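Hi,

Here is the structure I said I would pass on.

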Amino acid sequence: MKSNDPNACPTYGNIIELETRAVPEAIADFPLDYGPIDQANRVFLHCLPPELIASIFQLCILAGLQESPSDEIDRSRGGGSDYIETKPWTLGCVCRSWKQIAWTSPSVWTVFKFHLNSKPFAQNWAEIMKTWFTRSGQLPLFIRFTNSFSHAEICEAPTKFSPLINLVNRYLDRWYQLELDLPPSLLFLFCANRSIIQTLTVRSYPVHGQEGIIDLNGAAPLDLTLQSTGLTNVQIIWTNLT
């Protein structure tokens, strides 16, 4: 029986249904027609151990972090997927065995790339993200936020995206790499009273005289990169910086 309570926890079946609905839109531009693959290649692919395929998947996912934020923003403006990097889905769409490996490999679900923009944020995405975080087990997380807001849209951003950022904050003890390219009104929503952050990047341009301030008093990163925000606006433990 379906619950009418909007705050009720979705069942596993509900999550699969949400993902199934979201997948076609998210991978609409994914080229599925690769042309003929000879039998030798098919045999080779199916002979690879699942553990090796999972490791290759992880490298593929991590490679996405090499894309610069500006390139990522340009790609999104050109019609990329809404909000969330969907590469795990893409890998799982190749064949049934790859889907099984992707869905059961925590390392595939450790990279979270969010691009915030003017499109409506559906509650379905928040429910899907909870499942993705669960699939990552207890592994360290790599998180990137970028945005393409106009000045007019920035005022509405905190109300619109605070549920998503609050969800990310729940897993602050597993943040390993955190990269934030956000307006001040969103930057202050992040907090960390404990964290394993090794790399922290903050880009935040002043808006209407307001500067970006972030309170991560529990974080002691080894590497710190700041752009358009001052040292005094970033509250961290400074002793580990190299």
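Below is what I found in it, going from the whole chain down to single residues.

First, a caveat: this is a predicted model, so please read everything below as computed from that model.

**The chain overall**

The chain has 242 residues, and 45% of them are buried. Its secondary structure comes to ten helices and eight strands. If you take the contacts between residues at least 6 apart in sequence, 67% of them join residues at least 24 apart.

**The core**

The largest nonpolar core holds 54 residues. Which residues have the most contacts inside it? They are Phe 114, Leu 116, Ile 143, Phe 145, Trp 175, Leu 186 and Leu 216. Among the elements, helix α9 (residues 157-169) gives the most to this core, with six residues. As a bit of background, nonpolar side chains tend to be buried together in soluble globular proteins.

Setting aside neighbours within four places in sequence, Leu 216 touches Trp 175 and Leu 178, then Phe 190, Cys 191 and Ala 192, then Ile 197 and Leu 200, and finally Gln 235, Ile 236 and Ile 237.

Helix α9 also carries Ser 162. Is Ser 162 buried or exposed? It counts as buried, because its relative accessible area is 19% and the cut-off for buried is under 20%. Apart from neighbours within four places in sequence, Ser 162 is in contact with Ala 157 and Leu 189.

Helix α3 (residues 50-63) and helix α6 (residues 96-103) have axes that come within 10 Å and cross at roughly 70°. That angle makes α3 roughly perpendicular to α6, because 65 to 115 degrees is the range for that label. On the α3 side, the residues that meet α6 are Pro 50, Ile 53, Ala 54 and Phe 57. Their partners in α6 are Trp 98, Ile 101 and Ala 102. By class, this contact has seven nonpolar residues, no polar ones and no charged ones.

Lys 99 also lies in α6. Lys 99 is partly exposed, with a relative accessible area of 43%. Its C-alpha atom is 8.1 Å from that of Trp 89, which is ten residues away along the chain.

**A polar pair**

Where does Thr 146 sit? It is in strand β3 (residues 141-147). Thr 146 counts as buried, since its relative accessibility is 1%. The side chain of Thr 146 makes a polar contact with the side chain of His 115, at 2.7 Å.

Gln 227 is in strand β7 (residues 223-227). With a relative accessible area of 35%, Gln 227 is partly exposed. Leaving out neighbours within four places in sequence, Gln 227 is in contact with Val 202, Arg 203, Ser 204 and Tyr 205. For Tyr 205, the C-alpha to C-alpha distance from Gln 227 is 8.0 Å, and the two are 22 residues apart in sequence.

Then there is Ser 228, in the loop between β7 and β8 (234-235).

Cheers

Methods. Residues are numbered from 1 along each chain as its sequence is written. This is a predicted model: local features need pLDDT of at least 70, side-chain atom pairs count only at pLDDT 80 or more; totals for chains, interfaces and linings use all residues. Side-chain values use heavy atoms; hydrogens and water are left out. Axes are lines fitted to C-alpha atoms, for helices over the stretch in contact, and angles run from 0 to 180 degrees between N-to-C directions. Helices (H or I, at least four residues) and strands (E, at least two) are DSSP runs, numbered from the N terminus. Angles under 35 degrees count as roughly parallel, over 145 as roughly antiparallel, 65 to 115 as roughly perpendicular and the rest as oblique. Contact means heavy atoms within 4.5 Å. Ala, Val, Leu, Ile, Met, Phe, Trp, Tyr, Cys and Pro count as nonpolar, Asp, Glu, Lys and Arg as charged, and the others, Gly among them, as polar. A nonpolar core is a set of buried Ala, Val, Leu, Ile, Met, Phe, Trp, Tyr and Cys residues joined through side-chain atoms within 4.5 Å. Buried means under 20% relative accessible area, exposed over 50%, partly exposed in between (1.4 Å probe, protein chains only). A polar contact is a pair of N or O atoms within 3.5 Å; within protein, one must be able to donate a hydrogen and the other to accept it, and residues adjacent in sequence count only if both atoms are side-chain atoms.
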